[in-house]
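Thanks for taking a look at this one with me.

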2 protein chains.
Amino acid sequence: MLPEDALVSAIARAVGPPSGGVALGIGDDGAVLDDGTVASTDVLVEGVHFDLARMSPRDVGHRAAAANLSDLAAMGAWPVALLAAFGLPPGFEDAAEIAAGMSEHGVPIAGGDLSRAPVLIVSVTAIGRSERPVRRSGGRPGDVLVVTGELGGQAAAGYAGRVTPRIEEGCALAAVATAMIDLSDGIATDAERLARASGTGAVVELERLPRAPGATVEQAAAGGEDYELLAALPPGAEPPVPVTVVGRLTAEPDVLLLDATGAPRTLRGWDHFA
Amino acid sequence: MLPEDALVSAIARAVGPPSGGVALGIGDDGAVLDDGTVASTDVLVEGVHFDLARMSPRDVGHRAAAANLSDLAAMGAWPVALLAAFGLPPGFEDAAEIAAGMSEHGVPIAGGDLSRAPVLIVSVTAIGRSERPVRRSGGRPGDVLVVTGELGGQAAAGYAGRVTPRIEEGCALAAVATAMIDLSDGIATDAERLARASGTGAVVELERLPRAPGATVEQAAAGGEDYELLAALPPGAEPPVPVTVVGRLTAEPDVLLLDATGAPRTLRGWDHFA
């Protein structure tokens, strides 16, 4: 288990199981309330997630919103609104630019909060709705693993490019997927998260990963920040959107990344605490 | 207008008016979606909002959740879930304690995010529901201004004490209030915010402020962090919970704080950017 995941587990133990109006709590891409509301929150920290020498405030806002909208997409939820909480360092005057970048996804910013802070902090919450939220935990042995789009492009581009959350694809896949997760940290990490949550193992064939132009296999598997979707589909299910088959869930508990010769490789996705 | 409020206005202009499924956007205590979902987000920053030498991680979590639950209370919304996004400095190992403090209000934590950060960052989002969300903007000249509880206690205690968001009181007052706001920055600032949003002036009689034990008039008016509610009630309306009448909204645009002699006083509430 990654350090970040271990810490999330410790917090989940501290606060106990979900109750009241909460259908699904800590540990998935988003939280699910009883009424079908799905919500996700992220905090981006200057010097950890971004560098203002390499990304504009508008790009930071775009990226922060994309990360949360991608979490909603991974639940099959359609976004309704964003909330923004900014911590602004002395002399920083581009808060409106961050908000403008957030708005470029077409989801309205409905509220927020401002504070001073020693470095720029951008915390975004996305709120959406789903008739049938897809969890990480519904996968079964034999399910086919598929991904949207191409992988490794962010790593190949130095993480400075823009990303598009797969909102429509996620809502379409939700009709057939047994489990889904967004590829924020790389399939090497996120496939393991999906399999562990589903109580299965997994095999991912590295040669089958759809690589973005210029991306290595390692970048496609472990570069992270692509915000594509990884879904488990029942065998024979017809994907409603274009996807690439990259592996399958297994009854054996191991999560294996296999190279072209069938030999297992060890690759690790991004961990903010590693 | 306070610097923080000016910045909020700049952001609101940058992102445009609310659209889609958003009924009420930037500038109120919480955002209101078309389906009655109400959401509020805050970011608390170590060294700005709290000092770990004086507050335990559990107290910080309790306070962060209280601030957002108070925003929901000010809309008359009943809370359903909390989301938590933490930025954790090197060596900080009490994230579960922050979550435990958040949980003490009885509202489940449904999800969150973790990151590294140079100082401790605690961003909380509260999500609730309201049949009839109360805005800041519905007040009318002649409405009576009332507050819950006592004011100035946090300032008198050095801001280290625990606060109780007025959830039940807010939901009860929502049945009669024309406008409502929570007293996070002090009535000197928050009464002006309510009046400006309502397009009215206001008179607050400082001698009528219900002072917490040990609190001065200045602390009661401008100390902030009390998280009591300020509501505007139509003349003759029967308050459904115990409140103290402290003033009224006026047709004249001035917002006046009057001392015992009827002379206006100048007091400023807390501004994180001042």
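1. The largest cavity holds about 40 Å³ of space. A cavity here is a set of points on a 1 Å grid over the protein atoms alone, where a 1.4 Å probe fits but cannot get out; its volume is the space filled by probe spheres set on the points, which are joined across faces, edges and corners. Please keep in mind that this is a predicted model, where local features need pLDDT of at least 70 and side-chain atom pairs count only at pLDDT 80 or more, while totals for chains, interfaces and linings use all residues. Residues are numbered from 1 along each chain as its sequence is written, chains are lettered from A in the order in which they are written, and side-chain values use heavy atoms, with hydrogens and water left out.

2. Which residues line the largest cavity? They are Met55(A), Asp59(A), His62(A), Arg63(A), Gly161(A), Arg162(A) and Val163(A), where lining means having an atom within 4 Å of a point. By class, that lining has two nonpolar, two polar and three charged residues (Ala, Val, Leu, Ile, Met, Phe, Trp, Tyr, Cys and Pro count as nonpolar, Asp, Glu, Lys and Arg as charged, and the others, Gly among them, as polar).

3. (The rule asks for a side-chain nitrogen of Lys or Arg within 4 Å of a carboxyl oxygen of Asp or Glu.) Because Arg63(A) lies in helix α2 and Glu225(A) in the loop between α7 and β10 of chain A, the pair ties together parts that are 162 residues apart in sequence. Helices (H or I, at least four residues) and strands (E, at least two) are DSSP runs, numbered from the N terminus.

4. Now the interface: 57 residues of chain A are in contact (heavy atoms within 4.5 Å) with 57 residues of chain B. On the chain A side, the residues in question divide into 36 nonpolar, 15 polar and six charged.

5. Over all chains the count comes to 26 salt bridges, and two of these cross the interface of chain A and chain B. Arg129(A) forms one with Asp35(B), the closest N and O atoms being 2.6 Å apart.

How values were computed. On a 1 Å grid over the protein atoms alone, a cavity is a set of points where a 1.4 Å probe fits but cannot get out, and a pocket is an open set with protein on both sides within 12 Å along at least five of seven lines; lining residues have an atom within 4 Å of a point.
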